Amino acid sequence: MQSSQVSQVSQVVPSDPSVDLDQVKSIIQEYQAMPGAMLPVLHAIQDALGYVPASVVPLIADQLNLSRAEVHGVISFYHHFRQQPAGSHIVQLCRAEACQAVGAEALATHAKAALGCDFHGTSSDGQFTLEPVYCLGQCACGPNMQIDDDLYARVSNDKFNKLVRAKRGAQ
Amino acid sequence: MSTAGITVYVPRDSTALALGANEVAAAIVAEAGKRGQEITVVRNGSRGMFWLEPLVEVVTAAGRIGYGPVEPDDVAGLFDAGFLAGGQHRLALGLVEEIPYLKKQERLTFARVGITDPLSLEDYLAHEGYAGLRRALTLSSAEVVQEVLESGLRGRGGAAFPTGIKWKTVLGAQSAQKYIVCNADEGDSGTFSDRMVMEDDPFMLIEGMTIAALAVGATRGYIYVRSEYPHAIVALNQAIVTANSQNYLGENILGSSHSFHLEVRKGAGAYICGEETALLESLEGKRGVVRAKPPLPAIEGLFGKPTVINNVISLASVPIILARGAAFYKNYGMGRSLGTLPMQLAGNIKYGGLVEKAFGVTLREMLLDFGGGTASGKPIRAVQVGGPLGPYLPESLFDTKLDYEAFAAVGGMLGHGGIVVFDDSVDMARQARYAMEFCAVESCGKCTPCRIGSTRGVEVIDKIAAGQVHEIHLLRDLCDTMINGSLCAMGSMTPLPVLSALDHFPEDFASSAADKAA
């Protein structure tokens, strides 16, 4: 019963046939003994796959002895977890007050125009996903942004362009 | 620390990294190699003077000489100027500890930050590290709790509840399992002191938590770190491995009968998880939804067990309290706000950074004497103290003393000590709208005033901006509902920035309406 459910759900995610459910299963097994294993499991899945596909929800529910609704509820509650694949690079722009005070809104307008997408969107070439973030903790040197794992402070429009160009070039 | 040649410090703090510290360190190593100079580069924490980052320090006979802000292109010139011997250069700052910004501070919690290699236990021990735990091991649990109680330490996360009372409640609770949880979900914009402790002096937090564990009889602890702080997570994990290997954590700590196991857990980008009960839900693997209190976490906390849950700075203040005694600590501060508060100058500020002072300095001293006014050179128009839930304060309130009660008396709150500065280009109606928008994005959704009220708040402010000035009374009414009807601080304090904008800067609401009408 359980396995047929899994395959059914997998089939309704045609955009992502590459999800290796065995890999996901072994990730879950690695963490499931931890007290409160849910977040560590979801982080590990997202780190491995880039997002948390809908097809893994029944697996997590089964392994952690929860309902699928509970698992989906957790995934959708936290901004960090994405339910769709992202672009090759994730650009996080801080929108919080300290960065606002030094021009974060103008930078956000520039970034949206430069990448041709809104927040939570991906540039048409699939290279960059633009995400808002509410504070990167570098508040004395805003506006701040992060591309993948790298932090950047005092980001001007020019600096933004250079960084994005460098990431494109590095492809 | 075994060092060869001259020691050069280049910070590893993430703000320094965001300003290119890794590139500077690499350039220094390469240039030294090219010139056949023997040096040892140590990656220290940041001194918290962020306008000078990357701040490179060289150890000389006279002391540590600073150069900053250094860019990779400056490195060859620094070598030409003989910076390894403290030579003159346009970026030279002299002895770092003599820089007035640093010299005027009273650094108790941040005493080591920027000086030591954060991941070196040896360095930590050489700078009074673990003196607090060693003393605690000679005391009974009740005596440790008493020491913290007498120090007057209040929760530095924002709520300012006496830490010793929390601990006493957990000590008195009967349970086979108790927990110590560190709230490291530092989500307030304009704050970074928790981040600096975790990245730049992680053993201090570990020591504070270990002392808390001894004090209440807990054997397991978690540090819940927000996902936006990857560098802090790496530093903490490395420090925990080291502490375990040297018996500062684990079974029978330092040969005593006490055991304490510590683990880092990563948040997932939810501001509300900084609220302690939402954080506990999240640690348990659930949505970060606020719990109704009572029961208090001290009685029924993580997994239903008695739990001490404290902010990073609260726990990081404990080692020095134990090492030097409650009397030493409470000698700082004023009234019922005792000890020091690491304040963070942020936003549009010339000299942004970390300033640890005893309670009692005025906001104006912080903004002008330390901060040097705005970075843009324009007048300061508004200051938000205490994060996104703190009110906006006008110039007329800048003489308020940084003290929990003095701030409360003017309708403000110190919160976690973040001070965000705005110059005269700020549109306060937009800031009010943002406060509501942020609440709508980050509300956990459990209570209606917060979940629905924030969305209605955005709509009403939009109407006011579109010229419907009569809607202001509706906005005030809505704020009243949120203040009095919300379950936690998220909903009940979001109105503070909104109302303060209305009260202190009414012209921005009228003018945006007038602009639209024109």
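The model is predicted: local features need pLDDT of at least 70, side-chain atom pairs count only at pLDDT 80 or more, and totals for chains, interfaces and linings use all residues. Residues are numbered from 1 along each chain as its sequence is written, and chains are lettered from A and ligands numbered from 1 in the order in which they are written.

**Chain A**

Select chain A, which has eight helices and four strands. Helices (H or I, at least four residues) and strands (E, at least two) are DSSP runs numbered from the N terminus. Their order from the N terminus is α-α-α-α-α-β-α-α-β-β-β-α. Of the 171 residues in chain A, 38% are buried. Buried here takes 20 or more other C-beta atoms within 10 Å of the residue's own, exposed takes 12 or fewer, and partly exposed lies in between, with C-beta atoms placed from the backbone. Among contacts in chain A with a separation of 6 or more, 60% are between residues 24 or more positions apart. A contact means that the C-beta atoms, placed from the backbone, lie within 7 Å.

**The sheet of chain A**

Next, show the strands of chain A. They form an open sheet of four strands in the order 2-1-3-4, with mixed pairing. Strand 2 (128-133) and strand 4 are at the edges with a single partner strand each, so one side of each has no neighbour in the sheet. On average, neighbouring strands are turned by 20 degrees against each other, direction ignored.

Go to strand 1 (residues 89-94) and strand 3 (residues 145-147) of chain A, an antiparallel pair with three bridges. Strands pair if DSSP finds at least two bridges between them. In this pair, A:L93 is opposite A:M145.

Axes are lines fitted to C-alpha atoms, for helices over the stretch in contact, and angles run from 0 to 180 degrees between N-to-C directions.

**Where chain A touches chain B**

Display both chains. Contacts involve 32 residues of chain A and 46 residues of chain B. On chain A, helix 3 (38-49), helix 5 (68-77), helix 6 (97-100) and strand 4 (150-152) each supply at least two residues of that side. By class, this side of chain A has 22 nonpolar, eight polar and two charged residues. Ala, Val, Leu, Ile, Met, Phe, Trp, Tyr, Cys and Pro count as nonpolar, Asp, Glu, Lys and Arg as charged, and the others, Gly among them, as polar.

**Helix 2 of chain B**

Select helix 2 of chain B. Its buried residues are B:A21, B:V24, B:A25, B:A27, B:I28 and B:A32. The face turned away from the buried side carries exposed B:G33 and B:K34. After the helix comes B:G36, with a positive phi near 65 degrees.

**Strand 6 of chain B**

Finally, select strand 6 (residues 179-184) of chain B, where six of six residues are buried. B:Y179, B:V181 and B:N183 are on one side, and B:I180, B:C182 and B:A184 on the other. Strand 6 pairs in the parallel sense with strand 7 (residues 220-225) over six bridges, and B:V181 is opposite B:Y222. Strand 9 (residues 307-311) of chain B also runs parallel to strand 6, joined by five bridges; here B:N183 is opposite B:N311.

Terms used:
Two residues are in contact if their C-beta atoms, placed from the backbone, lie within 7 Å.
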